[in-house]
Amino acid sequence: MFKKDLLGLKDMTAEEITGILDHAVGMKEAFVGGRQLSSLSGKCVTTLFYENSTRTKNSFETAARMLGARTMSVSAATSSVQKGESLIDTGKTLDALRTDAIVIRHSMAGAPHLLAANVKACVVNAGDGMNEHPTQSLLDLFTMREKFGTIKGLRVVLVGDVRHSRVARSNLWALEKLGAETVVVGPCTLIPKGIEDLGCEVSYDIEDALIGANVVMGLRIQRERQKAGLFPSLAEYSAEFGINADRLYGICENALVMHPGPVNRGVELSGEVADCANSAINEQVTNGVAVRMAVMDILVGGRG
């Protein structure tokens, strides 16, 4: 299904994306059922994270172990990166340690592509700057398909910090390929110019955007990426664009509520919405393990 790596969804076909989702169905059955698999027995998966992570890093490590692989974890904060080691040299060191897959998160867009071009190991992009986060999008797609049976024809509304969101970009590319209708909504300062070129509708009115929504996805306000205030205050953002019970139940009461996490409660989502019966936030975490199992099984297991 892939040549060697999973670097993004922009250049993948609908058939390739669907193939991963199909494979993840069996992976979820194994994970939820506590059934250990052995397709990656004797293989090594290394997580190489230059940014902090809880969900993604632990999800990949859990997925690798569920497939029978051993894992290594490299944190830039405690590695030779602090001594000036380059990304390529770090990758070559991991190759020499006979790692079979490197899962990388990096603050610079394109870093996984650079690494993949210089190592023998499979490379999986776990988020690169403001570019892509392909496995997050895949688990989002998997969650939508579980709920609705199909993605084609769904109206998916992404609310919040689109400008800084690699999750939004991966999802917009993938949802367009699979036939969904997508809308991005937020303050004008958080909606990048030209985003409609990714096939989405742009709105600055959340009540209007939510009409007919099947899926409502809050995007985290990424305060650590914002060098200047792009809206007056968190309270004002919440008042204008927060997904609260009145908006959800008053406009699209049956919509599936999603969020890539971590949630800033009372900002992107009210606590009531985050914990409501329509919320799939915790299920997304479970599905993340299944999807990452599928990706590594295809990439690493397929190499023999």
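Where is Asp-5 found relative to helix H1? Asp-5 sits in the segment before helix H1 (14–32); helices here are DSSP runs of H or I with at least four residues, numbered from the N terminus. The model is predicted, so local features need pLDDT of at least 70 and side-chain atom pairs count only at pLDDT 80 or more, while totals for chains, interfaces and linings use all residues. Residues are numbered from 1 along each chain as its sequence is written, and side-chain values use heavy atoms, with hydrogens and water left out.

**View 1. Asp-5 and its surroundings.** Asp-5 counts as buried because its relative accessibility is 17% (buried means under 20% relative accessible area, with a 1.4 Å probe and protein chains only). Leaving aside residues up to four places away in sequence, Asp-5 touches Ala-116, Ala-121, Cys-122, Val-123 and Leu-299 (contact means heavy atoms within 4.5 Å).

**View 2. The polar partner of Asp-5, Lys-4.** Here the side chains of Asp-5 and Lys-4 make a polar contact at 2.9 Å (a pair of N or O atoms within 3.5 Å, one able to donate a hydrogen and the other to accept it; residues adjacent in sequence count only if both atoms are side-chain atoms). Look also for the backbone nitrogen of Val-123, 2.7 Å from a polar atom of the Asp-5 side chain.

**View 3. Helix H2 packs with helix H11.** The axes of H2 (residues 55–66) and H11 (residues 281–299) lie 8 Å apart, at an angle of about 55 degrees (axes are lines fitted to C-alpha atoms over the stretch in contact, and angles run from 0 to 180 degrees between N-to-C directions). Among the residues that meet are Phe-60 and Ala-63 in H2 and Val-289 and Met-293 in H11.

Methods:
Helices (H or I, at least four residues) and strands (E, at least two) are DSSP runs, numbered from the N terminus. Buried means under 20% relative accessible area, exposed over 50%, partly exposed in between (1.4 Å probe, protein chains only).
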